[in-house]
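Student: Can you walk me through this protein? Keep it quick, please.

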Amino acid sequence: MTDEKPKRIKVTALCELCHARKAVMKRPKNLQKLCKECFYNVFETEIHNTITNAKLFQSGDKVAIGASGGKDSTVLASVLKTLNERYNYGLELVLLSIDEGIVGYRDDSLATVKRNQIQYKMPLEIISYKQLYDWTMDEIVSCAGIRSSCTYCGVLRRQALDRGAAKLGINHVVTGHNADDMAETVLMNLLRGDVARLEKSTTIVTQSSGSPIKRSKPFKYTYQKEIVLYAHYKKLDYFSTECTYAPEAFRGTARELLKSLEAVRPSCIMDIIYSGEHLVLAPKKKKVTTQYKNKKKLTEQQQEEMEINPDGSVSLKSKKQEFKDGNRCEKCGYLSSNKICKACVLLAGLEMNRAKVTIDNNTAVDGAAKLTKTLEQLSF
Ligand code: SF4
Ligand SMILES: [Zn+2]
Ligand SMILES: [Zn+2]
């Protein structure tokens, strides 16, 4: 009789959740070894928990998915469709795409969105910068230079998404911003000392002032690497080429820094978001200078309207409060809390530059420099 050795089971190769199927991956978020089915399950359930904890939707809501054809928004469309059916959210989902006018990038990615429209059986609306602003991003870059391309693009896209949603009678747009994007933003604002933006950088629901349309990020806690794995295993149809105009240089640096940190400590992405969420800024000091106290007695109302800036200068708050939510931009007529909306301020600068370029090519450099200065002065 020969002793038959029991077959050695490689425990490490078994899924750490179901203990039945073979693990095919190490989960990027916590290095857990999982089978495909358990990965789909935890991935989708975590997004469902994010949605329900933040009470993002109500039954009967019409929701637009900001769809670029890239992995994030494609996975978002797929997962929202799955969750909407599984948990009976009662949502009406629509794909909303923005065509920035970037030849060789957006035209190809829009072809992917058109296929997604058929695959997910969702209506699709495409809004272009050209039709809204009479500028394409290619034209903007050739006029203002590549340096500020993402700043222009960001302002114009936010308004385009709002306008597209309003056209569809929708007041909620979901975007594919993920945990990595959010941690990058926290890092960038922290490194720049931009405390005003730092405070808002982890909010799951945002809204431009004056706009009735809210934007939310169901992937707030979802790692980019997991989105890629999900798209890969589910064989989703997405477009993977990067935009011709690289993301702004500082974001690129923050991204590299985050990648190095994640390699040593995978939880750092969640930890940075957690830190951002729990950061409480000291209230702005409201004080009246001794000069004013001693020489001139100010009425209480005047003191309330006055704000002492960090550089010691004084600004009056009342001017800013003149234009309230619900007001319209004097130029384009779109809802804006300012007299002229941010998009129109940028476009006016571009128009001036375009006129100058036509007269004299040499002034293009001056014009681009001036526009960059205007951008730096604007606070978005
Ligand atoms: S990388 Fe910049 S220019 Fe390109 S689509 Fe994104 S925001 Fe626009
Ligand atoms: Zn499993
Ligand atoms: Zn406007």
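Tutor: Here is a short tour, topic by topic. This is a predicted model: local features need pLDDT of at least 70, side-chain atom pairs count only at pLDDT 80 or more, and totals for chains, interfaces and linings use all residues. Residues are numbered from 1 along each chain as its sequence is written, while chains are lettered from A and ligands numbered from 1 in the order in which they are written.

Student: What is the mean pLDDT of the protein?

Tutor: The mean is 84, and 79% of the residues reach 70 or more. pLDDT is the predictor's confidence in each residue, from 0 to 100.

Student: Where does pLDDT stay under 50?

Tutor: Over residues 295-299, with three contacts beyond four places in sequence. The pLDDT is also below 50 over residues 301-323, a stretch with 19 contacts beyond near neighbours in sequence. Contact means that two C-beta atoms, placed from the backbone, lie within 7 Å. Where pLDDT is low, the predicted coordinates should not be read in detail.

Student: OK, new topic. How many helices and strands are there?

Tutor: The protein has 16 helices and 10 strands. Both are DSSP runs numbered from the N terminus: helices (H or I) have at least four residues, strands (E) at least two.

Student: Which strands join E3 by bridges?

Tutor: Strand E4 (residues 92-99) runs parallel to E3, with five bridges. Strand E6 (residues 172-174) also pairs with E3 in the parallel sense, over two bridges. Strands pair if DSSP finds at least two bridges between them. Glycine 66 has leucine 96 in E4 as its bridge partner, and alanine 64 has valine 173 in E6.

Student: Is E3 (residues 62-66) mostly covered or mostly open?

Tutor: Mostly covered: four of its five residues are buried. Buried means 20 or more other C-beta atoms within 10 Å of a residue's own, exposed means 12 or fewer, and partly exposed is in between; C-beta atoms are placed from the backbone.

Student: And glutamine 159, buried or exposed?

Tutor: Glutamine 159 is buried, because 25 other C-beta atoms lie within 10 Å. Glutamine 159 is found in helix H6.

Student: What is glutamine 159 in contact with, leaving aside neighbours within four places in sequence?

Tutor: Tyr334, Cys341 and Ala343. Glutamine 159 and tyrosine 334 are 175 residues apart in sequence, yet 8.9 Å apart in space, C-alpha to C-alpha.
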